[in-house]
Amino acid sequence: DVSGNVSFKETFILTAHFSKYYTPYTRSDQGLDEVWIESRNVDSGLVKLESNHRFNLDTAVRITGAYSWINPEIGRIDLDLSQKERAFYAEGSVDRSIFDKKGILTAGVAWKFKEIDDAPVWDVYYPDYLGSDELNYLPSVTPVDSFSRMWSFFSQYRHNFGNYNFWEKKK
């Protein structure tokens, strides 16, 4: 794993995390009569950029963007499976002090995109399938692609009544 961040005051913060690992392991049937070797090889990462800007004492803007990926490769008996997953997230919000600085109104918008290529979908539940009669072949696997995107709008109001705070959130 490698990770780190670089910042310039609170104006820009860049964060990154990269990982790669290989894990061999064994599986067995429920009676532990048959054992076989499997492996998982994964590389993944995250890059995130945040920006905060205060216009004056009453108004601030925050912008965040992040891109992440994970690419697992699984070796299962004599079958190699590989998938790719990517996600992007972006958010922007505005904070505004109101009512003589006793209240803070936050409003914003966010967008998320996620794409998965070649996710393995087994025709049967894999751990229950393998037994002494089925060691020579695996159940069939169908690679499935998935794509989603979502917009969201949000707001929050926080008011200070002396020693007490009141929040109201809307999504």
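**Cavity, pocket, patch and salt bridges**

Sorted by class, the residues around the largest cavity come out as four nonpolar, two polar and no charged (Ala, Val, Leu, Ile, Met, Phe, Trp, Tyr, Cys and Pro are nonpolar; Asp, Glu, Lys and Arg charged; the others, Gly among them, polar). The model is a predicted one, with pLDDT of at least 70 needed for local features and 80 or more for side-chain atom pairs, while totals for chains, interfaces and linings use all residues. Numbering starts from 1 along each chain as its sequence is written, and side-chain values rest on heavy atoms, with hydrogens and water left out.

That cavity (on a 1 Å grid over the protein atoms alone, points where a 1.4 Å probe fits but cannot get out; lining residues have an atom within 4 Å of a point) has a volume of about 30 Å³, counted as the space filled by probe spheres on points joined across faces, edges and corners. The structure holds one cavity of 30 Å³ or more. Its lining is made up of Pro72, Ile74, Leu81, Ser82, Gln83 and Pro120. Strands E4 and E5 (79-82) each put at least two residues into this lining; strands are DSSP E runs of at least two residues, numbered from the N terminus.

Turning to the second largest pocket (an open set with protein on both sides within 12 Å along at least five of seven lines), the volume is about 170 Å³. Strands E3 (35-54), E4 (59-76) and E6 (84-98) are the elements giving two or more residues to the lining of this pocket. E4 makes the largest contribution, with four residues. In total, 13 residues line the second largest pocket, and Arg54, Thr59, Ala60, Val61 and Asp95 sit nearest its centre. The lining here splits into three nonpolar, four polar and six charged residues.

Asp95, one of those residues nearest the pocket centre, also pairs with Arg62 in a salt bridge, with the closest N and O atoms 2.9 Å apart (a Lys or Arg side-chain nitrogen within 4 Å of an Asp or Glu carboxyl oxygen). The two partners are 33 residues apart, Asp95 in E6 and Arg62 in E4. Asp95 is buried at 16% relative accessibility, whereas Arg62 is partly exposed at 34% (buried is under 20%, exposed over 50%, partly exposed in between; 1.4 Å probe, protein chains only).

Four salt bridges turn up altogether. Arg86 takes part in a bridge to Asp117, with the closest N and O atoms 2.7 Å apart. Since Arg86 is in E6 and Asp117 in E7, the pair ties together parts 31 residues apart in sequence. Shared partners join Arg86, Glu115 and Asp117 into one network, with the Glu115–Arg86 contact at 3.0 Å between the closest N and O atoms. Arg86 is buried at 19%, while Glu115, at 23%, is partly exposed, and Asp117 is partly exposed at 22%.

Asp118, also in strand E7 (103-122), has a positive phi of about 60 degrees despite not being a glycine. Most residues other than glycine have a negative phi. The relative accessible area of Asp118 is 40%, so partly exposed.

On the surface, Val2, Val6, Phe8, Phe12, Leu14, Phe18, Val47 and Leu49 make up a nonpolar patch with about 730 Å² of accessible area together (Shrake-Rupley, 1.4 Å probe, only the protein chains shown as cover). Patch members have over 30% relative accessible area and no salt bridge, with like charges joined within 9 Å and nonpolar side chains (Val, Leu, Ile, Met, Phe, Trp, Tyr) within 5 Å. E1 (2-8), E2 (12-28) and E3 are the strands that give two or more residues to the patch. Phe18 belongs to E2 and is partly exposed at 37%.
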